[in-house]
Amino acid sequence: MEIIKWGIIGCGNVTEVKSGPAFQKAPNSALVAVMRRDATLAEDYAKRHNVPKWYSNAEDLINDPEVDAVYIATPPSSHKEYTILCAKAGKPVYVEKPMALTFAECNEMISACKEHNVPLFVAYYRRALPRFLKIKEIIDQGKLGTIRHVNCVLYHPFEARYDDEINLPWTVLPHISGGGIFVDLACHTLDFLDFVLGPIKSVRGHATSQLMAYPAEDAVSMSFLFENGIHGSGIWNFTSFERYDNTEIVGDKGKISFSTFGNDPLHIQYVNGEKETITIENPLHIQQPFIETVIAELLGNENASPSKGTSGARTTWVIDQVLKEFRDSKL
């Protein structure tokens with residue numbers, strides 16, 4: 001069978017274990033080139049991961065005739081630029097989440113890829129993880145009855161690395177990330193809910209900076225309504241005393257509780273009082289199951305991949321709605 005030869009733009013931490021090795025280990029796939037602006041770091045990554053080529057310029061990688069498809073693993077501020085360059089070069093794009101800084105940027109990416117007939121995939125890899133597919137299976141089989149509402153809670157304590165004003169991580173710099181830790185993490189939960197329950201059509205919420213330690217929001221509360229009438233609520237806080245991660249999907253015959261991050265068991269409770277616990281471990285290279293769906297689609301299996309530009313953009317739209325007032329206050 002044909003081999004999809006990949007190039008990576010931005011070989012940072014996310015590519016070390018979560019994604020990068022998967023392009024080498026997945027069937028019908030090879031990682032042939034990587035790029036990082038620091039040539040020394042690009043070379044180091046390539047040598048450690050047995051990648052034959054490395055670049056310090058993204059366009060050189062994109063225009064490499066041996067590269068069939070490109071994985072964009074940079075911060076969101078450059079996703080649009082690199083996606084459009086790939087589209088113009090006729091190279092399929094697999095872009096990290098969140099898809100872009102704003103919904104408007106997402107739409108520009110979708111338009112460019114459509115214009116040049118280039119597939120666009122977004123790294124919401126929970127749509128292919130066995131642990132999350134089990135949740136979808138339980139809901140689709142009707143074990144919880146008709147779904148009525150969803151509750152999402154995620155909070156973390158404040159971390160010392162966010163207390164260094166001069167060396168703040170890019171994840172809390174809105175001009176690079178689109179927002180704060182909420183944008184970086186909540187997008188996973190919101191996208192998965194889109195996957196299992198359908199699109200969200202209405203959003204209300206508040207975002208504030210309770211500690212004012214960095215430019216981005218550190219606390220978000222929101223309510224939302226799905227197109228099918230399911231209600232949702234959520235709170236994300238990154239100034240709390242401990243870590244807590246739980247989402248409940250509640251139906252008229254039962255509910256399922258799960259964490260978005262980690263390998264915590266799935267907890268199911270039914271209307272008759274019966275309880276069930278299911279443990280499914282995530283794979284070492286957590287993006288590999290999803291990457292395999294992308295490869296399958298590129299090799300001709302139509303609609304094999306469950307996360308495209310259109311679905312990825314919907315999650316960015318939800319984030320835009322809840323952060324609009326906070327963003328406007330910073331102008």
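Here is a tour from the sheet to the helices around it, then to one strand residue and one further helix.

First, the ground rules. This is a predicted model, where local features need pLDDT of at least 70, side-chain atom pairs count only at pLDDT 80 or more, and totals for chains, interfaces and linings use all residues. Residues are numbered from 1 along each chain as its sequence is written, and side-chain values use heavy atoms, with hydrogens and water left out.

Let's start with the sheet. Strands of a sheet pair through backbone hydrogen bonds, either parallel or antiparallel. Here, 6 strands make an open sheet ordered β3-β2-β1-β4-β5-β6, with parallel pairing. (Strands are DSSP runs of E, at least two residues; helices are runs of H or I, at least four residues; both are numbered from the N terminus. Two strands pair if DSSP finds at least two bridges between them.) β3 (53-55) and β6 sit at the edges with a single partner strand each, so one side of each has no neighbour in the sheet. From one strand to the next, the twist averages 25°.

Helix α9 (residues 288-298) lies across β1, β2 (29-35), β4, β5 and β6, at about 130° to β1.

Zoom in on I8, which belongs to strand β1 (residues 4-9). I8 is buried, at 0% relative accessible area; buried means under 20%, exposed over 50%, and partly exposed in between, with a 1.4 Å probe and protein chains only. Beyond its neighbours within four places in sequence, I8 contacts residues including F23, V34, L61 and Y71, where contact means heavy atoms within 4.5 Å. I8 and L61 are 53 residues apart along the chain, with 8.2 Å between their C-alpha atoms.

Finally, look at α10. Buried residues in α10 include G309, V318 and F326, and its buried residues pack against α5 (103-115), β6 (120-122), α8 (181-197), β8 (200-208) and β9 (219-226).

Notes. Axes fitted to C-alpha atoms, helices over the stretch in contact; angles between N-to-C directions.
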